[in-house]
Amino acid sequence: MPTLVDRLRPLVLPAAFGGGLRLLWQAVVVAFGYPKVILPAPTDICAALVADFAVIWQQTVPTVRDTLAGFALAALFGVGLASLLSFSRLLRDAIYPLIVVVQLVPKIAWTPLFIVWVGIGWQSRLTIAAFIGFFPIFIAMMAGLDSTDRSLVRLCRGLTASPWRTFWLVRLPASMPYLFAGLKIAITLAVIGVIVAAFISSSEGLGFLILKSAALLRTDLILAAITVLCVIG
């Protein structure tokens with residue numbers, strides 16, 4: 001049986017290490033007198049979080065909204081297409097290699113093209129987030145469906161189970177560990193997609209706030225927005 005210390009260890013150690021880093025950061029800034037525009041102290045970042053909370057919150061809402069919507073679309077299309085290809089060897093051989101080739105292209109390179117296609121604003125952020133998050137979900141789902149124990153599939157066939165019933169009762173449950181691994185990666189990529197789209201062309205969101213703060217030399221507000229992004233992630 002794990003003791004209380006063992007249970008608290010994964011929480012206490014990172015918290016203690018992070019707290020130590022913040023104290024060291026504060027001490028270095030105070031000791032060497034770094035200007036706030038170059039390296040704000042943790043206390044300056046906290047002050048910016050409090051003073052500009054209304055602005056940060058206003059820009060956080062569209063970022064979270066577009067991230068979750070893009071992630072949901074990526075999950076829907078990723079799981080749906082992977083499931084469809086698992087039923088047809090012909091479709092798999094025709095489509096899967098093309099998806100792998102598209103995945104080799106850096107996803108950020110598609111961002112200007114999506115902006116041209118769907119315009120600026122939430123449409124581009126949503127599209128880019130869904131596009132970037134699609135690939136890890138699709139690849140993970142395909143790997144999970146392919147990893148199903150063949151003996152279980154043959155048993156279902158021997159019991160005259162339909163392909164759909166075999167998929168629902170055997171192949172889909174077997175793919176869940178792979179799927180959730182892909183979802184974990186995709187949600188982080190969806191945040192990246194929304195921020196990158198906001199950098200290129202947007203008038204709202206935390207990416208826009210970071211870009212605007214950089215123009216105003218508000219390094220403390222930039223790091224405050226990045227802190228909020230860490231919480232969101």
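Analyst: Helix 2 and helix 10 are roughly perpendicular to each other, a label used for angles of 65 to 115 degrees, while under 35 degrees counts as roughly parallel, over 145 as roughly antiparallel and the rest as oblique. Their packing angle is about 75°, and the axes lie 8 Å apart. Axes here are lines fitted to C-alpha atoms, for helices over the stretch in contact, and angles run from 0 to 180 degrees between N-to-C directions. Helix 2 covers residues 42-51 and helix 10 covers residues 219-232. Helices are DSSP runs (H or I, at least four residues), numbered from the N terminus.

Before going on, a word on where this comes from: it is a predicted model, local features need pLDDT of at least 70, side-chain atom pairs count only at pLDDT 80 or more, and totals for chains, interfaces and linings use all residues. Residues are numbered from 1 along each chain as its sequence is written, and side-chain values use heavy atoms, with hydrogens and water left out.

So who touches whom? From helix 2 come Asp 44, Ile 45, Ala 48 and Leu 49, and from helix 10 come Asp 220, Leu 221, Leu 223, Ala 224, Thr 227 and Val 228. Contact means heavy atoms within 4.5 Å. Sorted by type, the residues of this contact are 7 nonpolar, 1 polar and 2 charged. Nonpolar takes in Ala, Val, Leu, Ile, Met, Phe, Trp, Tyr, Cys and Pro, charged means Asp, Glu, Lys and Arg, and the others, Gly among them, are polar. An α-helix has 3.6 residues a turn, so residues three or four places apart point the same way.

Now stay with helix 10. Its 14 residues reach 20 Å from first C-alpha to last, close to the expected 20 Å at 1.5 Å a residue; the expected span is 1.5 Å times one less than the number of residues. Its buried residues are Thr 219, Asp 220, Leu 221, Ile 222, Ala 224, Ala 225, Val 228 and Leu 229. Buried means under 20% relative accessible area, exposed over 50%, and partly exposed in between (1.4 Å probe, protein chains only). These buried residues pack against helix 2, helix 3 (53-87), helix 8 (163-200) and helix 9 (206-215).

Thr 60 gives you a view from helix 3. At 8% relative accessibility, Thr 60 counts as buried, and it touches Leu 206, Val 228 and Ile 232, leaving aside residues up to four places away in sequence. Thr 60 and Leu 229 are 169 residues apart in sequence, yet 8.4 Å apart in space, C-alpha to C-alpha.

The loops are worth a look too. Ile 38 sits in the loop between helix 1 (4-32) and helix 2, and at 58% relative accessibility Ile 38 counts as exposed.

Leu 217 is in the loop between helix 9 and helix 10. Leu 217 is exposed as well, with a relative accessible area of 59%. What is its phi? Leu 217 has a positive phi of about 60°, although it is not a glycine. Most residues other than glycine have a negative phi.

Methods. Helix = DSSP H or I, 4+ residues; strand = E, 2+ residues; numbered from the N terminus.
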